[in-house]
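Hi,

Here is the structure I promised to pass on to you. Have a look at it first, and then read my notes below.

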Number of protein chains: 2
Amino acid sequence: MGVRTILLQKSVFEDNDNQANILREKLKNKGVFLVNVMSSPGAGKTTTLINLINRLSKTYRIGVMEADIDSDVDAIKVAEKTNSKSVQLHTDGMCHLDAAMTEQGLDEIGIEDLDIVFLENVGNLVCPAEYDTGATMDMMILSVPEGDDKPLKYPLIFQKSSLVVINKIDALPYFNFDVEKCKKSILMRNKNATIIPISAKTSENMDELVKFFDNKVKEYTNK
Amino acid sequence: MGVRTILLQKSVFEDNDNQANILREKLKNKGVFLVNVMSSPGAGKTTTLINLINRLSKTYRIGVMEADIDSDVDAIKVAEKTNSKSVQLHTDGMCHLDAAMTEQGLDEIGIEDLDIVFLENVGNLVCPAEYDTGATMDMMILSVPEGDDKPLKYPLIFQKSSLVVINKIDALPYFNFDVEKCKKSILMRNKNATIIPISAKTSENMDELVKFFDNKVKEYTNK
């Protein structure tokens with residue numbers, strides 16, 4: 001299956017926050033729920049999205065934007081393994097997406113016939129947290145092998161994410177990762193965060209994640 | 001054990017490459033071998049360094065600079081578990097170190113009585129690759145749970161690193177990671193890269209890593 005790739009233009013807008021608010025309002029008016037998905041490289045963003053989309057797509061029409069420095073591997077994987085609309089965004093070396101870049105992706109994918117769009121941001125715990133993409137909500141995926149100390153070392157991304165997914169819990173017996181300690185550290189950064197431990201590989205607890213999005217989207221569209 | 005923490009000043013130098021070359025020359029004249037260590041968050045930079053330093057410090061005098069957005073956890077861990085000189089560098093939100101920031105750290109730690117200095121860069125596969133720190137050599141650590149596709153997705157950091165350590169090989173039975181395929185992708189980015197698979201946790205193959213540095217440092221100082 002062919003996948004379109006877009007080379008994003010650098011943003012011309014000085015005021016990204018303002019631009020992000022305008023985009024968020026526009027999405028709200030169209031009833032499109034945009035999720036900004038952030039994580040380290042290799043935390044399982046693509047695997048989690050494929051598993052999640054295959055469940056949500058029974059109810060919702062879904063689009064996916066895969067941002068990467070280079071390569072099309074993620075968009076191709078998503079296109080092959082789900083029946084969502086997917087597009088690859090190339091950031092031309094940049095370490096994050098801003099609101100204007102996100103809007104270029106949305107224009108390309110076309111949102112008129114979509115309910116939910118997932119934006120897979122560049123794998124990075126620093127820069128993506130600093131730029132509001134205009135998304136309806138921000139989520140991050142922390143994986144067990146990365147260690148339970150990450151909320152201490154990368155505060156901003158945990159502050160900003162209203163949902164933190166702890167992925168690869170099937171690997172817990174293999175790593176020294178204290179889930180309760182990690183949850184405490186996450187809540188120290190953002191006391192309102194929802195924390196959902198899952199394994200995208202074995203599908204453990206995926207139902208809870210699906211329920212979370214189902215509730216959020218219904219609330220958003222007042223259905 | 002107390003650990004000094006420095007809040008780095010933003011670089012005033014326009015020409016980082018020139019600044020980096022000056023620093024590299026200065027280090028060469030003093031016979032100090034500076035290693036810039038890059039990886040994703042949670043790939044095992046600190047654990048690898050602690051294991052490596054404890055072996056190398058039988059022969060060499062070693063210093064460690066731990067760069068982080070926030071927190072002192074790494075510098076404290078290194079100070080407790082090795083007898084190296086260690087210092088924490090706070091980047092004040094920045095996602096990388098440049099040559100001037102590296103020099104601030106070196107001035108603080110004091111290099112007159114050191115043979116090798118390890119700079120643990122911010123956990124990030126994008127930005128650190130874009131700035132020459134002035135180090136004698138660049139290495140990166142890729143961990144098995146991150147996946148074997150990383151050289152495809154983050155080309156620059158693999159191009160730039162003359163040593164790629166594949167860490168957490170004790171977890172290979174648990175993850176779908178093809179070492180030979182990964183080695184091929186790394187060599188596609190940099191055909192001269194040395195690739196050493198290890199487990200910093202079980203110490204598997206640490207001897208090869210020690211030997212690599214021993215040879216490099218001897219060659220550098222003509223001993």
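A helix here means a DSSP run of H or I with at least four residues, and helices are numbered from the N terminus. By that rule, K160(B) sits in helix α6 of chain B, which covers residues 155–160. Please keep in mind that this is a predicted model.

Let's stay with K160(B) for a moment. K77(B) is 83 residues from K160(B) along the chain, and the C-alpha atoms of the two are separated by 28 Å.

Now for the two chains together. Chain A can be superposed on chain B by a rotation of 180° with a shift of 0.0 Å along the axis, and the RMSD is 0.0 Å. The two copies are therefore related as by a two-fold rotation axis. Which C-alpha of chain A is nearest the axis? That is the C-alpha of N124(A), 2.9 Å from the axis. Both copies use the same surface: 97% of the contact residues of chain A recur in chain B.

Next, empty space inside the protein. Rolling a probe the size of a water molecule over the atoms shows where such space is left. The count comes to one cavity of 30 Å³ or more, and the largest cavity holds about 60 Å³ of space. How many residues line the largest cavity? There are 16, and those nearest its centre are P41(A), S143(A), E146(A), S143(B) and E146(B). The lining of the largest cavity divides into six nonpolar, six polar and four charged residues.

Then have a look at helix α2 of chain A, residues 45–56. This helix has 12 residues and reaches 16 Å from its first C-alpha to its last, close to the 16 Å expected at 1.5 Å a residue. Nine of the 12 residues of α2(A) are buried, so the helix is largely enclosed by the rest of the structure. Among the buried ones are K45(A), T46(A) and T48(A), and the list also includes L49(A), I50(A) and L52(A).

- L89(B) is in strand β4, residues 85–90 of chain B. Its relative accessible area is 0%, so L89(B) is buried. L7(B) is 82 residues from L89(B) in sequence, yet their C-alpha atoms are 6.1 Å apart in space. Leaving out neighbours within four places in sequence, the contacts of L89(B) include I6(B), L8(B), M65(B), L97(B) and L119(B).
- L209(B) is in helix α8 of chain B. L209(B) is buried too, with a relative accessible area of 0%. Beyond its neighbours within four places in sequence, L209(B) is in contact with T48(B), L52(B), L163(B), V165(B), I196(B) and I198(B). From L209(B) to T46(B) there are 163 residues in sequence and 15 Å in space, C-alpha to C-alpha.

Helix α8 of chain B spans residues 206–221 and also holds E219(B). Is E219(B) buried or exposed? With 59% relative accessibility, E219(B) counts as exposed. E219(B) and D17(B) are 202 residues apart in sequence, and their C-alpha atoms are 24 Å apart.

Last, a couple of backbone angles to check on screen. What is phi of K168(A)? The angle is near 65°, a positive value in a residue other than glycine. K168(A) lies in the loop between β7 (163–167) and α7 (179–189) of chain A, and at 12% relative accessibility K168(A) counts as buried. N205(B) also has a phi near 65°, again a positive value in a residue other than glycine. You will find N205(B) in the loop between β8 (194–197) and α8 of chain B. N205(B) is partly exposed, with a relative accessible area of 31%.

Cheers

How values were computed:
Residues numbered from 1 in each chain as written. Chains lettered and ligands numbered in written order. Predicted model: local features only at pLDDT ≥ 70, side-chain atom pairs only at ≥ 80, totals over all residues. Heavy atoms only, no water. Least-squares fit on C-alpha atoms with pLDDT ≥ 70 in both. Contact = heavy atoms within 4.5 Å. 1 Å grid on protein atoms, 1.4 Å probe; cavity = no way out; pocket = protein on both sides within 12 Å on 5 of 7 lines; lining within 4 Å. Points joined across faces, edges and corners; volume = space filled by probe spheres on them. Nonpolar A, V, L, I, M, F, W, Y, C, P; charged D, E, K, R; others polar. Helix = DSSP H or I, 4+ residues; strand = E, 2+ residues; numbered from the N terminus. Expected span 1.5 Å × (residues − 1). Buried < 20%, exposed > 50% of the residue type's maximum accessible area, 1.4 Å probe, protein only.
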